[in-house]
Amino acid sequence: MATDEVGGTGGVGPRLIAVTPAVKLLEKRRVGHRVLTYDHEPDGTAYGDEAVEALGLDAASVFKTLVATVDGAHVVAVVPVADKLDLKALARAAKGKKAAMADAGDAERLTGYVVGGISPLGQRKRLPTFIDTSAQTQEHIHVSAGKRGVEIAVAPADLASLANATFAPIAS
């Protein structure tokens, strides 16, 4: 069952969830956004697919946040949940030679979030971030708010600005 907290400039609306660092950042910077919540079911469903189904969203607007390495340095990749991260394209975008997925423990330690709830915003350590160019075709995209079962709807340009991210064709 989905619930919806109206967020936005200054966090207008009821507090239905614990505020995450990602939501705090959006509120602090007065960036328009909405926080969407749903009951996370630990049944093995991919987290992004679960958000699409539970919230009735268009899969093209829901993005997953992945941590990878490029030439040994950690980076963040934000790609549509229906797509896969193209590691060669990520390496090119980061001006590197070789990319690989990061260890889940490293991803959690670096971001401060648990796998399945990693947000591109409010991370413990700011990492170079790349957002797939398909995000630019959406008015708003949905990314994790930093907790399983909580999504943020935000304009792609606002997300890129707050995350100091680069748009690049990194999905396949």
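Is asparagine 164 buried or exposed? In this predicted model, asparagine 164 counts as exposed because its relative accessibility is 56%, and the cut-off for exposed is over 50%.

## Around asparagine 164

Asparagine 164 sits in a loop.

Setting aside neighbours within four places in sequence, asparagine 164 is in contact with Arg126 and Thr129.

Five strands form an open sheet. Their order is β5-β3-β4-β6-β9, and the pairing is mixed. Strands β5 (99–101) and β9 are the edges, each pairing on one side only. From one strand to the next, the twist averages 35°.

Strand β6 (residues 129–132) pairs with β4 in the parallel sense, over three bridges. Threonine 129 in β6 stands opposite valine 76. Threonine 129 is also a contact of asparagine 164.

## Helix α4

Helix α4 covers residues 104–111. Ala107, Leu110 and Thr111 are buried there. Seen down the helix axis, the buried residues fall within an arc of 85°, so they line one face of α4. These buried residues pack against two strands, β3 (63–70) and β4 (73–80).

At the start of α4, a side-chain oxygen of aspartate 103 comes within 2.9 Å of the backbone nitrogen of glycine 105. Just after the helix, glycine 112 has a positive phi of about 85°.

How values were computed: Residues are numbered from 1 along each chain as its sequence is written. This is a predicted model: local features need pLDDT of at least 70, side-chain atom pairs count only at pLDDT 80 or more; totals for chains, interfaces and linings use all residues. Side-chain values use heavy atoms; hydrogens and water are left out. Helices (H or I, at least four residues) and strands (E, at least two) are DSSP runs, numbered from the N terminus. Buried means under 20% relative accessible area, exposed over 50%, partly exposed in between (1.4 Å probe, protein chains only). Contact means heavy atoms within 4.5 Å. The arc is that of the directions from the helix axis to the C-beta atoms. A polar contact is a pair of N or O atoms within 3.5 Å; within protein, one must be able to donate a hydrogen and the other to accept it, and residues adjacent in sequence count only if both atoms are side-chain atoms. Two strands pair if DSSP finds at least two bridges between them. Axes are lines fitted to C-alpha atoms, for helices over the stretch in contact, and angles run from 0 to 180 degrees between N-to-C directions.
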